[in-house]
Amino acid sequence: MILYFSGTGNSLSVARTLAEETGDSLCHMADALPPAGNPGTGEAPVMMPARVIGLVFPVYYNDVPDAVKEFLDKVRFDPSSYIYAAVTCGGSAGNTLSNLDRILQRRGCRLSYGRPFFMIANSTATWKRQVTYDYGRLETARREARNMAAAVRSRTTDRSALRRSLTATVMGSSLSRALMKGFLQPSVNPSACVHCGICVRVCPNHNITEREGRIVLGSHCTQCLACAHWCPHGGIAVHGRVIPKETRYHHPDISLQDMFRR
Ligand SMILES: Cc1cc2nc3c(=O)[nH]c(=O)nc-3n(C[C@H](O)[C@H](O)[C@H](O)COP(=O)(O)O)c2cc1C
Ligand code: SF4
Ligand code: SF4
């Protein structure tokens with residue numbers, strides 16, 4: 001079972017290649033949990049029955065995204081499971097894999113194999129006016145995902161990418177995260193919004209609603225930037241600035257339909 005989280009499609013594209021090459025099933029992390037408020041589900045962690053688990057998600061602030069940490073809080077894996085992870089990023093995965101391993105170890109499991117995928121940073125366009133994306137990196141990532149799948153099929157154990165760095169520890173500290181989070185805060189740009197509802201459907205956290213004809217962002221934003229990049233009309237600003245149309249990004253193999261949440 002491959003569990004993924006993705007805002008602009010990089011992680012979904014890697015997860016898809018892994019699923020195609022391993023024959024394993026693909027599931028959005030949110031879809032692996034019972035619907036919120038389902039009677040009888042209570043707060044007990046959900047046991048994931050699969051013995052081979054792939055975790056695929058983006059790097060946020062050199063670390064595991066809060067949304068993924070929250071997901072991991074709600075599930076349990078069999079300690080004998082073979083768990084591997086592919087984390088996608090723009091250029092620095094920091095301590096993400098080793099932090100993920102720590103989270104798993106607190107639950108009696110461990111990461112058998114992990115590797116970063118250097119793709120395209122979806123955050124750069126929020127502050128840089130001119131950004132040129134190197135789409136060649138996506139082809140490299142596809143090739144590397146195929147190699148990873150071959151290693152997963154033979155149940156390779158390789159923890160060499162689970163390194164830690166002091167810079168990443170400082171960058172991932174609560175203080176620097178709090179500062180950075182302010183720069184990636186989405187908000188509605190009412191003058192451009194045409195109420196098409198796309199952002200409501202792509203938000204992985206169900207944090208966007210339409211109320212009395214207005215688009216409203218709630219307080220459960222994981223800052224994935226899906227709304228800002230997928231809105232075709234510039235209806236979402238990030239730190240008060242709309243990402244110019246030509247620098248809005250999503251992985252070219254991933255469609256809007258692929259991103260729609262149930
Ligand atoms: C909130 C946030 C924080 C990010 N932090 C990092 C980072 O620390 N290092 C990095 O290389 N890229 C960082 N990025 C870029 C993403 O990791 C990268 O674009 C990723 O592939 C996006 O995956 P997705 O398309 O599946 O959402 C960040 C992006 C966001 C939205
Ligand atoms: S996707 Fe953009 S235009 Fe459509 S409802 Fe959301 S903010 Fe408005
Ligand atoms: S509001 Fe936008 S940035 Fe925040 S979680 Fe939803 S889609 Fe992602």
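In this predicted model, 22 residues of domain 1 are in contact with 23 residues of domain 2. On the domain 1 side of this contact, helix 1 and helix 2 (66–74) are the elements that give two or more residues. The assignment of the chain places domain 1 at 2–167 and domain 2 at 176–257.

**Domain contact**

- Helix 1 gives the most to the side of domain 1 that touches domain 2, with 3 residues.
- By class, that side of domain 1 has 13 nonpolar, 8 polar and 1 charged residues.
- The C-alpha centres of domain 1 and domain 2 are 22 Å apart.

**Ligand 1**

- Domain 1 and domain 2 both give residues to the shell around ligand 1, so ligand 1 lies between them.
- The shell has 26 residues, of which Gly 7, Asn 10, Ser 11, Pro 58 and Cys 89 come nearest to ligand 1.
- Helix 1 (10–22) and strand 6 (82–89) each supply at least two residues of this shell.
- By class, 11 residues around ligand 1 are nonpolar and 15 are polar, and none is charged.

**Ligand 2**

- Around ligand 2 there are 13 residues, and those that come nearest are Cys 193, Cys 196, Cys 199, Cys 231 and Gly 235.
- The shell around ligand 2 comprises 9 nonpolar and 4 polar residues, with no charged residues.

**Nonpolar core**

- The largest nonpolar core contains 65 residues; Tyr 4, Leu 18, Val 56, Ala 86, Val 87, Cys 199 and Cys 227 have the most contacts inside it.
- Domain 1 and domain 2 each contribute at least three residues to this core.
- In soluble globular proteins, nonpolar side chains tend to be buried together.
- Cys 199 belongs to this core and is also among the residues that come nearest to ligand 2.
- Beyond its neighbours within four places in sequence, Tyr 4 is in contact with Ser 11, Leu 12, Ala 15, Leu 26, His 28, Met 29, Val 56 and Phe 57.
- Of these contacts of Tyr 4, Ser 11 is also one of the residues nearest to ligand 1.

**Thr 22**

- Thr 22 is in helix 1.
- Neighbours within four places in sequence aside, the contacts of Thr 22 are Ala 149, Val 152 and Arg 153.
- Thr 22 and Arg 146 are 124 residues apart in sequence, with a C-alpha to C-alpha distance of 9.0 Å.

How values were computed. Residues numbered from 1 in each chain as written. Chains lettered and ligands numbered in written order. Predicted model: local features only at pLDDT ≥ 70, side-chain atom pairs only at ≥ 80, totals over all residues. Near = placed C-beta within 6 Å. Helix = DSSP H or I, 4+ residues; strand = E, 2+ residues; numbered from the N terminus. Nonpolar A, V, L, I, M, F, W, Y, C, P; charged D, E, K, R; others polar. Domains from an automatic or database assignment. Core = buried A, V, L, I, M, F, W, Y, C linked by C-beta atoms within 7 Å. Buried ≥ 20, exposed ≤ 12 C-beta atoms within 10 Å, placed from the backbone. Contact = placed C-beta atoms within 7 Å.
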